[in-house]
Amino acid sequence: EVCARPAGGRPPGGGGEMGRHWYEDQGKYLTKLNTFNDFCDVAEHLVRAGWCTSDKVAIEGRSAGGLLMGAVLNMRPDLFKVALAGVPFVDIMATMCDASIPLTVGEWEEWGNPNEERFFDYMMKYSPMDNIQAQDYPSLLITAGLNDPRVAYWEPAKWCAKLRDLKTDTNPLLLKTDMGAGHFSASDRYKHLKERAFELAFVLDQLGLANK
């Protein structure tokens, strides 16, 4: 069984060993799709190399890494069995067009400003909310925080509702909203461990490992 998780919650763009240009020229703005394609390529390689089969691949991402989850689930849902999306930044067109939202203007340096046509058109190609299709999706657990100032709770809620409306499978799709948490989940150590146990229990259950 393999669990793939982008380090630090950010989509993959290289570990730095390829130099800064690898990120600047191949992983942001109008090349951002490379990060999602890279993630899918890694999953395909794991299967081809015999490390696992697609029904044993679990993936996880938080915040901008949650955008990665939303994008790859739309693009290649057949590659994954189960996904965890924590406080996922998935309604990117609505959020990134609104300069009054905290962090939005700063994030234009990563994604581009969708108030400009060329960036709007490109971001629409991978926006998780805008590319949901009537197709089968893996099992999915989405978490949100009611007091999250970075990814407002209604983003994951809207995403979940649209997925439920369009997806064609019967796989579990759960939305878990913490009514007292913000962007970084529980600050209490024991509550954090309890939440983490819940997430991993979901993964193990969907992989058929809960009773082993």
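Lys28 is buried, with a relative accessible area of 8%; buried means under 20%, exposed over 50%, and partly exposed in between (1.4 Å probe, protein chains only). The model is predicted, so local features need pLDDT of at least 70 and side-chain atom pairs pLDDT 80 or more, while totals for chains, interfaces and linings use all residues. Residues are numbered from 1 along each chain as its sequence is written, and side-chain values use heavy atoms, without hydrogens and water.

Lys28 forms a salt bridge with Glu24 (a side-chain nitrogen of Lys or Arg within 4 Å of a carboxyl oxygen of Asp or Glu). The closest N and O atoms of this pair lie 3.4 Å apart. Glu24 is partly exposed, at 31% relative accessible area. Both residues belong to a network of salt bridges that also includes Arg20.

A salt bridge also joins Glu60 to Arg196, with 2.7 Å between the closest N and O atoms. This pair links distant parts of the chain, 136 residues apart. Glu60 sits in strand β2 (residues 57-62) and Arg196 in helix α8 (residues 189-206). Helices (H or I, at least four residues) and strands (E, at least two) are DSSP runs, numbered from the N terminus. Glu60 is buried, with a relative accessible area of 5%. Arg196 is partly exposed, at 26%.

Asp78 and Arg76 form a further salt bridge, 2.7 Å from N to O. Asp78 is partly exposed, with a relative accessible area of 46%. Arg76 is likewise partly exposed, at 26%.

The count of salt bridges comes to 11.
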